[in-house]
Amino acid sequence: MGEASASADPRRRAVLTLARVEARRAYAARLLGDASPFQRELVLGVLRWQLVLDRLLEPHLRQPFGTLDPEVRAALRAGLYEALRMETPAAVAVAEAVRVTRFLVPAAAGLVNAVLRRAVASGWLDDARAPLWLRHSHPQWLVERWASWLSAEQLAGVLAANQRQAPMYLLAAVSPTGELAGEGCEVASHPYVPGVLHVRRGASAVAAWLGRGQGYAIDPHAVAVARLLPEVDGVVADWAAAPGGKSLVLGRERPGARRLAFDRHLGRLLAMREALLHHLGAQAPGVVGADGTAPPVRPASLAAVLLDAPCSGTGTLRRHPEIRWRLTPGELEALASLQRQLLAAAAAAVRPEGWVLYATCSLEPEENAQVVAGAALEIVPINPARLLGIPVHHLPGGGVVILPGEWGDGFTVHLLRRPAR
Ligand SMILES: C[S@@+](CC[C@H](N)C(=O)[O-])C[C@H]1O[C@@H](n2cnc3c(N)ncnc32)[C@H](O)[C@@H]1O
């Protein structure tokens, strides 16, 4: 059964997307490219609330949940989420889940009907004594490690933010509202990241406008992170640059600076080059296909490096809710090993007294403070004046964690400097 024939049926497409995310470790946000708001909410909502949904479904099943076909699991989760958390009348949501199952796995339609009817009748999890991780549908191990260093208030904020839809934010030379007059769009300035627009209404129309190359969708905290790179005289390299958001910020805001952008993945690199040329024209950096662990750069030749390293993404769970279900503590170690190699190469490429801004969209110490601790670089405390308004947690070693919240994703940032000699 092809994706194309499912495209006119948002529920069927949502179930297929969910099955693919689970069975093939695909990223939902990528599969949802042109999806309708309904389909997006259904897929991302199920992924956010998966643990709670499974707890509500399991008592009504005679076989272990994990032994069902991925499409059947997805239809059960989607049906229950739509019935209990969306505006669809519950009976319609159940009937639609049964219809989709009859199409995809006909033999399981009866099971889906019976289980959903009983689960819908039992209602949503409403137990204030349930542990925080269950109430917020996160893996226990992840919440326990955050609880070991965040305050109770910070933790509650992070968990709540991860369970909400991420709004659309953008950088654009002009607001889209003039051109989209009559389409009900409403945008406002971001409360603390200057120049970023928050799309309050009309995201679909704005997405189409962005698709015509008029502006660039970007997370506000990603903009704030790029701005933490000190202004320097000399060449600046964006070490792992695709899709190019931070290079775009630097190109817009520091015209005339000499800049390079590396990435190892050809497809991402080519897309980035096109986007940067389109948005920056002559201010686009030189784009180079390179492995950041062995880059084509002379030692001690650069004034600064922005190393926004590949990472687990635990600061981006509201945009990528599935990450929480597939990440394991062991994977953090594997990522840290690559991050250490990237940082060592960046440290060797900057000149004495040159800067490395090391950032990840992960909140985990293994990928941040512990990586930085092993580098031949000094940690320079980030000037609090440059963080004005951003909700941060200061790390004892001098880095900051930008907390994921209503107004942006989570990042950890360390400003590093190569010693004079
Ligand atoms: C977090 S993303 C960078 C996001 C980017 N800075 C932005 O703001 O749009 C990490 C990037 O690292 C790239 N990458 C992974 N391993 C790499 C390596 N060994 N060398 C260079 N780039 C690498 C990935 O392709 C990915 O594009």
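The crossing of helices α2 and α7 is right-handed, where a crossing is right-handed if the near helix is turned clockwise from the far one by less than a right angle, and left-handed if anticlockwise. This is a predicted model: local features need pLDDT of at least 70, side-chain atom pairs count only at pLDDT 80 or more, and totals for chains, interfaces and linings use all residues. Residues are numbered from 1 along each chain as its sequence is written.

**Stop 1: α2 and α7**

Select residues 10-24 for α2 and residues 90-104 for α7. Helices (H or I, at least four residues) and strands (E, at least two) are DSSP runs, numbered from the N terminus. The two axes come within 10 Å and cross at roughly 65°; axes are lines fitted to C-alpha atoms, for helices over the stretch in contact, and angles run from 0 to 180 degrees between N-to-C directions. α2 and α7 are therefore roughly perpendicular to each other (65 to 115 degrees; under 35 counts as roughly parallel, over 145 as roughly antiparallel, and the rest as oblique).

Now show side chains: Arg11, Arg12 and Val15 of α2 meet Glu96, Val100, Phe103 and Leu104 of α7. Contact here has its C-beta atoms, placed from the backbone, within 7 Å. By class, this contact of α2 with α7 has 4 nonpolar, no polar and 3 charged residues. Ala, Val, Leu, Ile, Met, Phe, Trp, Tyr, Cys and Pro count as nonpolar, Asp, Glu, Lys and Arg as charged, and the others, Gly among them, as polar.

Next, click on Arg25, in the loop between α2 and α3 (28-31). Arg25 is not a glycine, yet has a positive phi of about 55°. With 10 other C-beta atoms within 10 Å, Arg25 is exposed (12 or fewer; 20 or more is buried, and in between is partly exposed, with C-beta atoms placed from the backbone).

**Stop 2: α4 and α6**

Move on to α4 (residues 37-48) and α6 (residues 70-85), which pack at about 100° with their axes 9 Å apart. That makes α4 roughly perpendicular to α6. To see the contact, pick Leu42, Gly45 and Val46 in α4, then Arg77, Ala78, Tyr81, Glu82 and Arg85 in α6. The residues in this contact of α4 with α6 comprise 4 nonpolar, 1 polar and 3 charged.

**Stop 3: an exposed loop**

Jump to Asp127, found in the loop between α8 (109-122) and α9 (132-135). Asp127 counts as exposed, with 9 C-beta neighbours inside 10 Å.

**Stop 4**

Start from Pro243, in the loop between β5 and α14. The peptide bond from Ala242 to Pro243 is cis, with omega near 5°.

Then select α14 itself: 7 of its 9 residues are buried, so α14 is largely enclosed by the rest of the structure. The buried residues are Gly245, Lys246, Ser247, Leu248, Val249, Leu250 and Gly251. They pack against β4 (215-217), α13 (220-227), β5 (236-238), β6 (259-263), α15 and β8 (302-308).

Zoom in on one of these partners. The axes of α14 (residues 245-253) and α15 (residues 266-280) come within 10 Å and cross at roughly 20°. That makes α14 roughly parallel to α15. The crossing of α14 and α15 is right-handed. Ser247, Leu248, Gly251 and Arg252 of α14 meet Leu276, His279 and Leu280 of α15. The contact of α14 with α15 divides into 3 nonpolar, 3 polar and 1 charged residues.

**Stop 5: the cores**

In soluble globular proteins, nonpolar side chains tend to be buried together. A nonpolar core is a set of buried Ala, Val, Leu, Ile, Met, Phe, Trp, Tyr and Cys residues joined through C-beta atoms within 7 Å. The largest one here has 79 residues, of which Val305, Leu307, Ala346, Val356 and Leu357 touch the most other members. Helix α17 (residues 329-349) gives the most to this core, with 9 residues. Centre on Val305: leaving aside neighbours within four places in sequence, Val305 contacts Ala237, Trp239, Ala346, Ala349, Val350 and Val356. Apart from this core lies another, of 40 residues, including Trp49, Leu76, Val115 and Ala119.

**Last stop: Glu353**

Finish on strand β9 (residues 350-360), where Glu353 lies. Glu353 has a positive phi of about 70° although it is not a glycine. Glu353 is partly exposed, with 13 other C-beta atoms within 10 Å.

Methods. Two residues are in contact if their C-beta atoms, placed from the backbone, lie within 7 Å.
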